[in-house]
Each structure stands twice: as structure tokens, then as C-alpha cells.
Amino acid sequence: MKKEDLKIVFMGTPDFAVETLRALVEGGYSVVAVVTQPDKPVGRHGSVLQPSAVKQYAVSVGLPVLQPVRMKDPAFVEELRSFGANLQVVVAFRMLPEVVWAMPEYGTFNVHAALLPQYRGAAPINWAVINGETRTGISTFFLDHEIDTGRVIMRRPFDIKPDDNAGDVYDGLMRLGAEVCLSTLDRIVESGGHPEAIPQAELTVPGEALHPAPKIFKETCRIDWSLPAGKVHNFVRGLSPHPGAWTNLTTADGKQTVLKIYSTALTGQNCAAAPGTLVKCGRGLGIVTAGGGVLAVRELQLSGKKRMDSASFLNGIKDMDLCRVE
């Protein structure tokens, strides 16, 4: 088989997927169509439709774009079939029905931002950082009936630095994902369309628990100050810059407001105050966690305000010793 024999349908939505689509286009692969989410209503009244990052790029290079509301819609399935693709590549997209993923001759593979079988699910980058992992990676695998459980074609690791947040890891894996996708396509070509792929059960380390990566919701992002400082620090960086970890701030007059925290630092200091107590940490803000650990806050945002450093926050708050978070 030659590279030119592949006719690829690409499926994805966010910036993370654009990097891989761009690599396919610039690498000379035949991308016959792109499937992405319908345009999203934005603005105060939802009157403006915002196309996905993948659609914007696809349109800019003249690729046909399909935006089904339902993946099982017979009209969409027939239109998809009409492109005659023999392979589908999926990056950061929704779950596909069998009628779609089983359509092409050489199957459908996904570029997943974790080292499978660990971190199956919608938010593998966030959960890897939240859990304090020092290594994650990219896996490519063939889709089958259960989400993120198919046979693995390739895995490539990526180191998480101690102060990396989810955005840093996102950017690194976005670039690595494009590279691994191209390497996976090389294997498919070299094998005549049927590369060696390993069942995930054979990649499981005996005695090692599997960490899930479920979708993140607003309540998921609430900080638990009863956890040790290290765990809170990892939680904050695992949700930064988006969607952001948050807590309720009770001010000296008893009013409550939402406080988002985007960056913290471990101080190694201890304090006898209860978890959630605000203390000074140098010229900035510190918050007491379980066991009396003090976590320095570097960057935060009050509801309705702009992001600021903690020194600026302290300049605008009254009677800090009467305030607390929970």
C-alpha cells in the first residue's frame, strides 16, 4: 500500500484536533471530508453562530465539512459513505455509533491524550494533572463498542513537569498527538492497512488501579480545603486555565462570592488555623489546608472581576482575618 491509497475522513472539534488535521493536510494525505460539531450559538441572545476550530481550519484549506446533529441520522450516514473513505481519524470528538466507526475498510482510530488503558474518558489531561502524575502521553487505538477500550496501535509518553498546569500539558500533547498520528498512518501504510494492535488488557500492569477521566462539571471544580496542600495544588493546576478551580469566599461582612484560583505554590509552611483560613504569605495570599499546610495563591479571580495576583487581591480586601474560604 502507498500513502496515496488512503482516503481519510477526519473527525474533531477543538484546537487540540486542528494540530493533527493540519499535519495530515500539510503531510500530503488525502483528507476527503471533515466531520465536526454544529456551529455553537454565542452572545447574549445566542444569535451569533460560532464555528468550531476544526471547521474554521477545514474551510480555510477548502475541505468539505459535515456537521451532523445526530451521528445516526440516515442522511448523514449516507453522505459520509458517499466520500468513499477507507480510514477515519478521530481527535477530541464525541462517541461514534458502530454504523459510523465500522464504515471504512481500514477502520477508525482515535488519538487519545493519555497512555491507555489509563485515563479513559473525556478529560484525560485534567485528571492526570489533578492526580499528580509525572507522566502521561498519547495513544492511538481502533474504536470499538466501548469508549476508549479498543486495541492500541501506538503509545508515546510525555513528561509532566512539577509546575505544569493542564494548559501546558494540553499544548504539549496537542503537538505530540499530531506526530503520533502520522506515525500511526505510516504503520497502517506499511502493513497494507492492518497494523498490529494490542488489546488493552495486555497493557494493564498487574496490581495497578485504572484511573478514569470522566467529563468535568462545575461542581467537580470546587476546591476541598480539607485535603493536604499538595493535593489542592495539583487540583488547581489540573483545572487551569480552564475551567478553573473555585471556592466560596466569605468576606468580613458575611457576604459570599465565588473565587476562582488559577495558580498556587507549595510553601512548606504550617499554620495552626483551620483549613480555609486566609493568611498572609509574603506580600501575597496564603490559604490553610488540611494538616495546617499553607498554600500560596499566585493568581485568582473574584466573580465579575478580572484575574489578578494575590497581592492585588489583598489590597482590595478588608479585615482579612475575618474572611475565609470553603
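Helices (H or I, at least four residues) and strands (E, at least two) are DSSP runs, numbered from the N terminus. On that basis the chain has eight helices and 16 strands. The model is predicted, and local features need pLDDT of at least 70, side-chain atom pairs count only at pLDDT 80 or more, and totals for chains, interfaces and linings use all residues. Residues are numbered from 1 along each chain as its sequence is written, and side-chain values use heavy atoms, with hydrogens and water left out.

**Overall**

- Along the principal axes, the C-alpha atoms of the chain fill a box of roughly 70 × 55 × 30 Å.
- The chain has 326 residues, and 48% of them count as buried; buried means under 20% relative accessible area, exposed over 50%, and partly exposed in between (1.4 Å probe, protein chains only).
- Among contacts (heavy atoms within 4.5 Å) with a separation of 6 or more, 65% join residues 24 or more positions apart.

**Nonpolar cores**

- A nonpolar core is a set of buried Ala, Val, Leu, Ile, Met, Phe, Trp, Tyr and Cys residues joined through side-chain atoms within 4.5 Å.
- The largest such core holds 73 residues, of which Phe10, Phe109 and Leu185 touch the most other members.
- Helix α6 (residues 166–190) gives the most to this core, with ten residues.
- Beyond its neighbours within four places in sequence, Leu185 is in contact with Leu6, Ile8, Leu24, Tyr29, Leu87 and Phe109.
- A second, separate core has 21 residues, including Met11, Val35, Phe93 and Leu203.
- In soluble globular proteins, nonpolar side chains tend to be buried together.

- Phe76, Val77 and Leu80 are the buried residues of helix α3 (residues 74–82).
- Viewed down the axis of α3, these buried residues fall within an arc of 100°, so they line one face of the helix; the arc is that of the directions from the helix axis to the C-beta atoms.
- Pro74, Ala75 and Ser82 are exposed on the other side of α3.
- The cover over the buried residues of α3 includes β1 (7–12), β2 (30–35), β5 (65–66), β6 (87–91) and α4 (98–101).
- Valine 34 is in strand β2, and valine 34 counts as buried because its relative accessibility is 0%.
- Apart from neighbours within four places in sequence, the contacts of valine 34 are Phe10, Leu21, Val54, Ala58, Leu63, Pro64, Val65 and Leu66.

**Asparagine 248**

- Asparagine 248 is in strand β10 (residues 245–250) and is buried, with a relative accessible area of 15%.

**Backbone exceptions**

- Most residues other than glycine have a negative phi, and most peptide bonds are trans.
- The bond from leucine 116 to proline 117 is cis, with omega near 15°, and proline 117 is in the loop between β7 (108–112) and α5 (124–130).
- Tyrosine 119 is in the loop between β7 and α5, has a positive phi near 60° and counts as buried at 4% relative accessibility.
- Histidine 242 and proline 243 are also joined by a cis peptide bond, with omega about 5°; proline 243 is in the loop between α7 (229–238) and β10.
- Alanine 92, in the loop between β6 and α4, has a positive phi of about 50° and is partly exposed, with a relative accessible area of 34%.
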